[in-house]
Amino acid sequence: MNILDIIKKYKQSHKYSWNDMNNYDVYDKIRDIVKAMMETDLTFEKYSSLINDQVEREKSTQVLTFGDNINNTAKIPTDTFGTWKLYREKLINQNHWSEKSVENIEKSSFEILQRMTTTSETGPHKGLVVGNIQSGKTASMSALIAMAADNGFNVFIVLSGVIENLRRQTARRIESDIFFSGKGNNQWNYLDRPSVREGMQTSQLELSSGSTARYLIVSLKNSRRIRSILHWLKHDRNMQKKMKVLLIDDEADQASINTKDVNGEERTAINGTIRNIVNDGGYGAMNYVAYTATPFANVLNESGDDTLYPKNFISLLEPGEDYIGPRQIFGKGDPDFQPGMNGIVNEIPENESMMIKKYQDERTPFKAPKSMQHAVKWFLMALSAMRAQGYMKPVSMMIHTDFRVQVHNLIEQTVRNYIYDLKKEYGRNPKAFLKSMHAEYNERCSELSPDMFRRIMTDYYGDVQEYPKWKLVKRELRKLLELSDSKLVHHIEMSDEGELNYNDGIHLCVDNSNAKDSEDSSQVRLVYPDRKRLEECDKAPAFIVIGGNTLSRGLTIEGLVSTYFLRRTNQADTLMQMGRWFGYRQHYELMPRIWMDQKAYEKYGFLTEMNEDVRGKLMEYADKGFSPAEVAPRIKTSPSYLDVRITANNKMQSAAPTDFNFEGMSYQTTLFDADSDVMQSNLRYTRKFLESLGAFRNIREHMVWKDVPTEKVEEYLERYRGVALDERIKSIQHILEWLEKNTGKIEKWNVILAGRDEVRDADPGEWSVNGKTINPVNRSRVDNAKKDMIDIRVLRSPRDLVSDIEDISDLPEKAASDNSFASYRRGRNMSQTPQLLIYRIDKDSIPQGRNAKGRIELHTPFDLIGLSILLPEISRRKDDDDVSNGDGVDYVAIKLNYKAPDDDVKEEEDE
C-alpha cells in the first residue's frame with residue numbers, strides 16, 4: 001500500500017470529498033498513519049500535491065462511480081492479442097476514435113470491472129451504468145465484456161431490448177467488436193438461443209480455470225427466451241459453479257422493471273426471470289450490470305437484496321468530446337450562459353400542431369403544413385449538400401408525430417405527395433424553384449454557423465465540415481428531382497432472390513409493429529444497407545422513416561439531418577429516449593435540424609436540467625464515497641408549469657419525497673404580475689429593505705450584505721408581491737417556520753443584489769441603494785400570450801450561488817450547474833448560510849442566447865424584482881414524516897431496504 005492508497009482509504013471511510021481532504025487537520029491524521037505504517041515522514045506540500053494530482057487525473061478521465069470499494073484484483077489488460085487491446089485498436093484505426101475518447105472508455109470500463117465480483121462468496125453484484133442518449137453505450141458494453149474476458153470471466157449474457165431488429169443490431173455490433181476470427185488469445189463462441197433441448201449443453205462448455213473459451217449470448221428481452229437461458233444455466237450444477245458470469249441488461253429501464261405491486265409476491269414475468277437468474281447462488285460469480293440513459297425507474301421502483309436495485313454501484317459514462325446531446329442543443333437553465341445551438345431547433349406553430357392532431361385523430365388525408373414542408377425541403381437540401389461533399393453513408397429524415405400505427409401510413413402519403421409536388425414545381429419553372437430553395441438554404445445555414453458550433457463544442461475532435469457552395473448543392477438537387485416518380489420516392493426494392501437494393505432516390509420507410517413487406521415485394525421497414533451494399537451505391541442512400549414507438553429507443557437513425565417531432569408524452573424517460581437526434585455527427589456536424597412545438601421544446605429544456613441535476617448528485621455522492629445502498633439517488637421532479645412525470649407510476653412505486661435532507665432547497669421566482677402597481681411596489685420595498693441593511697460589500701458585480709437578521713428577511717418576504725399562481729413563494733414562510741420548529745431558528749442571512757458590470761454611482765432619478773447601483777440583468781419573457789402574468793422560466797444563474805464568497809480563485813473551471821456551485825459552497829463551509837439573491841430585471845430585456853426560441857422582449861413599464869432563496873442544508877429528523885404544508889421539497893428518492901452497517905464493525909475496519 002502506498003501513500004495515495006492510504007489517502008484514498010481514509011477519504012472513503014470518512015465519506016469526505018477531495019475538498020474536505022485538502023486541509024491541515026486531515027493532513028495531520030494522514031501523516032500519523034503514514035508514519036506508523038511506512039516509517040516515513042509526509043510533508044504537507046507532498047500531501048497536497050498528491051491530492052491535487054488525483055483531482056486533476058479524475059477530471060481528465062471523467063470517470064465517476066458512486067458505489068462500493070474496489071472489490072477485486074482485476075487489471076487493465078495489456079496483452080497485444082487480448083480481446084481488449086484488439087478492440088482498443090479497432091476503436092482507433094477503424095472507428096476513428098480520438099485517444100481521449102478511447103482513454104475515457106478504457107478507464108470507465110475498468111472502473112466498472114473493479115466493482116464486480118469474481119467469487120460466489122459475496123453473492124451477486126448489481127450495478128447500473130448511466131450513459132447519454134445515443135452516446136455509445138454499446139461501445140462501453142463491448143469494452144467491459146472485452147476487459148472482463150481478459151480477466152477470466154467466461155460467460156456473457158446481453159439482454160437487448162424488446163424488438164428483434166434491435167437485438168440483431170446489437171448482436172452484430174458486439175460480435176464485430178470482440179470477435180476476431182481466431183486472431184486473439186480468447187476463443188469466442190456465440191450461442192444463439194441456448195436451451196436445454198437444443199444446441200450446446202452446458203456440460204459441453206470448456207470452463208476449466210486455464211481455458212480461454214468465452215461464450216456470448218445476446219437475447220431478446222422476452223420472458224420465454226430468458227426462461228430458456230435460466231434453465232440452460234442451471235441444467236448442470238457442477239458446470240454452473242465454474243461460470244463467471246457478466247449479465248448486461250441493455251435499456252434496463254425497459255421491460256426489466258417490476259410493474260406489479262412491489263409489496264406483493266407477484267412479479268412481472270421478465271423481471272421475475274432475470275431476478276431468478278441473478279439471485280441463484282450456484283455460479284462461480286454473478287454480476288448484473290444494467291445500462292440505460294434514463295435510470296429513473298431503476299432507482300425509484302424497488303430496493304432490497306432480492307431485487308435488481310443497483311446496490312453495489314452506479315457508474316456515470318461521459319460521452320466523447322464529439323457528442324451532441326441535450327446540453328449542447330437545449331442548453332442549461334442558466335440565463336447568463338449561451339450554450340444551446342439555437343439554430344438546430346425550429347418551431348412547429350401551435351395551429352399546425354393542432355391541425356395535424358385533428359387529421360390524425362380523424363384518419364383524414366391532409367396536405368403537409370408549412371413546418372413539415374420546411375423540414376422536407378431541408379432534408380433534400382442537406383442530402384444534396386452531403387452528396388456534393390462526397391459523403392457516402394446513409395442520410396435520413398425522421399418523422400415522429402404519433403405512437404398509433406394507424407396514422408403512419410397517413411403521414412407517409414402526405415410526405416410522398418409533397419415530394420411529388422416539389423418535383424412538379426421544379427418541372428414547371430426550374431429557375432424560380434431553385435432560386436426559392438437557394439434562399440431557404442442560406443437561411444438554414446445562417447441558423448448554425450461553424451463559429452457558433454465551435455464556441456459550444458469547445459473540445460470537438462476533428463475538423464467541422466463547412467456548408468458547401470450552393471452551386472454544388474443545386475447540381476445534386478437537380479439530379480434528384482429529375483428522377484422518375486417511381487425512382488424518386490419508393491420503398492426499399494427487393495430482388496427476386498430477396499436481396500435489398502438501394503438507388504439514388506428516397507427510400508420511404510414506415511417502421512412500426514404492424515409494418516410488413518408490401519405486396520410488390522419491397523421492404524417497408526427501415527433497413528440500412530450493409531457494408532457490401534453500401535459500397536455498391538453510387539451516392540449516399542437517402543431514407544425518410546416514419547414511425548412511433550419503434551423509433552423511440554435503441555434504434556440508431558443514421559445520418560439524421562431532419563427531424564419532425566410532435567410526439568405528445570409527459571413521461572420524462574420516454575421523452576428523452578425519443579431524442580434520436582442526439583449523438584455523434586462527424587462529417588455533417590452543421591446539418592442536423594429539428595422541428596418541434598413549443599411545449600416539446602420547453603419539456604426538453606427541463607429534461608436537460610433534470611439530467612444534469614441527476615448526474616451532478618451522483619457525482620457528489622461518488623466524491624463523498626457513498627454507495628447506492630447507503631444513499632438513494634434523488635430525482636428532481638417537474639416544475640409546476642410543465643406537466644412532466646419522471647416515469648410511469650408503476651415504475652416508481654417506492655418513490656417518495658426525499659427524507660435525506662433539504663440539500664439547500666432552492667427557489668427562484670419565474671412568474672411575475674403584469675400589474676404596474678405591483679412592479680412599483682416591489683421596487684420601492686426592495687430599495688427600502690436594502691437601504692435599511694447599512695453598508696454593503698462590493699463582491700465582483702454584486703452588492704452583498706452579510707449576517708442580516710432573519711427578522712428583516714422575513715419582513716421583506718412578507719411584503720414582496722408575487723402572483724397568485726406562484727405557490728412556491730407562498731410556501732417560504734411555512735418552510736422557515738418548519739425549520740425553526742425542527743432544527744432551531746436561523747439567525748443570519750446573506751443578502752445579495754445581483755447585477756451586471758461594476759457597482760457605480762447612480763445617475764439622477766435612477767433606481768439605487770443609498771446612491772449606488774448596478775446595471776439590471778437581462779431576462780426576456782416566454783411568448784405565452786397571458787396578459788396578466790409574465791413568465792421568464794429561469795431567473796438565477798448558477799454562478800450567482802457563490803456571489804457572497806469573496807475569493808473564488810479555486811473554483812473549478814468546469815463548474816456550471818447548481819450542484820457544482822452548491823458543492824463549492826459546502827467546501828467553503830457556506831452550506832449552512834441561507835442566501836437571498838435579489839435581481840432587478842431590466843424592463844427593456846430582449847431575447848438572447850438560448851432565450852431566443854419562443855421568447856419576446858420583456859417590455860414592462862417598470863423593472864421587475866425577482867428573488868432566489870437558498871436555504872441551509874439541514875437534515876430532517878429521522879422520526880419526522882410530516883413533509884406537508886407546502887415545504888417545497890421537489891425531489892423524490894426510493895426508500896432503501898438495506899440494513900446499515902454496524903458502526904462498531906466500521907470502526908474496526910477503519911483501523
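# Salt bridges and a helix pair

R828 forms a salt bridge with D810, and their closest N and O atoms are 3.5 Å apart; a salt bridge here is a side-chain nitrogen of Lys or Arg within 4 Å of a carboxyl oxygen of Asp or Glu. This is a predicted model, in which local features need pLDDT of at least 70 and side-chain atom pairs count only at pLDDT 80 or more, while totals for chains, interfaces and linings use all residues. Residues are numbered from 1 along each chain as its sequence is written, and side-chain values use heavy atoms, with hydrogens and water left out.

**The chain overall**

- The chain has 28 helices and 34 strands; helices (H or I, at least four residues) and strands (E, at least two) are DSSP runs, numbered from the N terminus.
- Of the 911 residues in the chain, 58% are buried, where buried means under 20% relative accessible area, exposed means over 50%, and partly exposed is in between (1.4 Å probe, protein chains only).
- Among contacts in the chain with a separation of 6 or more, 80% come from residues 24 or more positions apart; contact means heavy atoms within 4.5 Å.

**Salt bridges to look up**

- A search of the whole structure turns up 44 salt bridges.
- Back to the opening pair: R828 sits in the loop between α27 (818-827) and β31 (835-841), and D810 in the loop between β30 (789-791) and α27, so the pair links distant parts of the chain, 18 residues apart.
- R828 is partly exposed at 31% relative accessible area, and D810 is partly exposed too, at 46%.
- R237 and D280 also meet through their side chains in a salt bridge (2.9 Å, N to O).
- Because R237 lies in helix α10 (residues 237-240) and D280 in the loop between α11 (269-279) and β7 (285-292), this pair ties together parts that are 43 residues apart in sequence.
- R237 counts as partly exposed, with 39% relative accessibility, whereas D280 counts as buried, with 14%.
- Another salt bridge joins the side chains of E466 and R454 (3.5 Å, N to O).
- E466 is in the loop between α18 (450-456) and α19, while R454 is in helix α18, and the two are 12 residues apart.
- Both are partly exposed: E466 has a relative accessible area of 40%, and R454 has 37%.
- A network of salt bridges links K377, E440, R444, E447 and R593.

**How α17 meets α19**

- Helix α17 (residues 430-447) packs against helix α19 (residues 470-481) at an angle of about 130°, and their axes are 11 Å apart; axes are lines fitted to C-alpha atoms, for helices over the stretch in contact, and angles run from 0 to 180 degrees between N-to-C directions.
- That angle makes α17 oblique to α19, given that angles under 35 degrees count as roughly parallel, over 145 as roughly antiparallel, 65 to 115 as roughly perpendicular and the rest as oblique.
- From α17, the contact uses F433, L434, M437, H438 and Y441, and from α19 it uses W470, V473, K474, L477, R478 and L481.

- Q169 is found in helix α8 (residues 164-178) and is partly exposed, with a relative accessible area of 28%.
- Q169 and L555 are 386 residues apart in sequence, yet 8.5 Å apart in space, C-alpha to C-alpha.
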